[in-house]
Amino acid sequence: MKKLSILAVCGAGLGSSFACEMSIEAALKDLGVEADLSHCDISSATSSRADIIMTGENFRSQFQHYTINANIIYLKRLVDKNEIKAKLTPILQEMGHLAI
């Protein structure tokens, strides 16, 4: 199975997405899942090859303008590890990266 790729996305691709990436890393560690993590801005995310994109709920309308071949998870709080785990778990299970 290929290694999972997760992208944290914010408006500018700087502070918020990096903080989100760190929270995703902590959530994945709790779940025992390994993945390649990175962060960027919205425009760069549209051409990424990530398996999963995690971004703020406030960016939903912007992502709906693009065709993206990734699971997109919208978060209310980018750094809430519990929200990240809750929303990531069913997708990881569906993709076969986490046992049910």
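A search of the whole structure, a predicted model, finds one aromatic pair. Rings of Phe, Tyr and Trp (its six-membered ring) pair if their centres lie within 6.5 Å; planes under 30 degrees apart count as stacked, over 60 as edge-to-face and the rest as tilted. The ring centres of Phe63 and Tyr74 are 6.4 Å apart and the planes stand at 70°, so this pair is edge-to-face. Phe63 belongs to helix 3 (residues 60–63) and Tyr74 to strand 4, so the pair ties together parts that are eleven residues apart in sequence. Helices (H or I, at least four residues) and strands (E, at least two) are DSSP runs, numbered from the N terminus. Phe63 counts as buried, at 2% relative accessibility. Tyr74 also counts as buried, at 11%. Buried means under 20% relative accessible area, exposed over 50%, and partly exposed in between (1.4 Å probe, protein chains only).

Residues are numbered from 1 along each chain as its sequence is written.

The protein chain has four helices and four strands. Along the sequence they follow the pattern β-α-β-α-β-α-β-α. The C-alpha atoms fill a box of roughly 35 × 25 × 20 Å, taken along the principal axes. Buried residues make up 42% of the 100 residues. Contact means heavy atoms within 4.5 Å. Among contacts between residues at least 6 apart in sequence, 58% join residues at least 24 apart.

Helix 1 has 17 residues. From its first C-alpha to its last it reaches 25 Å, close to the 24 Å expected at 1.5 Å a residue. The expected span is 1.5 Å times one less than the number of residues. Buried residues of helix 1 include Ser17, Cys20, Ile24 and Leu28. Their cover includes strand 1 (4–10), strand 2 (35–41), strand 3 (52–56), strand 4 (71–75) and helix 4 (81–95). Ser23 lies in helix 1 (residues 15–31). At 12% relative accessibility, Ser23 counts as buried. Leaving aside neighbours within four places in sequence, Ser23 is in contact with Leu78, Val79, Lys81 and Ile84. Gly32 follows helix 1, with a positive phi near 75°.

A nonpolar core is a set of buried Ala, Val, Leu, Ile, Met, Phe, Trp, Tyr and Cys residues joined through side-chain atoms within 4.5 Å. The largest such core has 19 residues. Ile6, Ile24, Leu28, Ile52, Met54, Leu88 and Leu92 touch the most other members. Strand 1, helix 1, strand 3, strand 4 and helix 4 each give two or more residues to this core. A second, separate core of 13 residues includes Leu7, Val9, Cys40 and Ala45.

Not counting residues up to four places away in sequence, Ile52 touches several residues, among them Leu4, Ile6, Ile73, Leu88 and Met95. Met95 lies in helix 4. Met95 is partly exposed, with a relative accessible area of 26%. The C-alpha atoms of Met95 and Ser47 are separated by 21 Å.

Definitions and conventions: Predicted model: local features only at pLDDT ≥ 70, side-chain atom pairs only at ≥ 80, totals over all residues. Heavy atoms only, no water.
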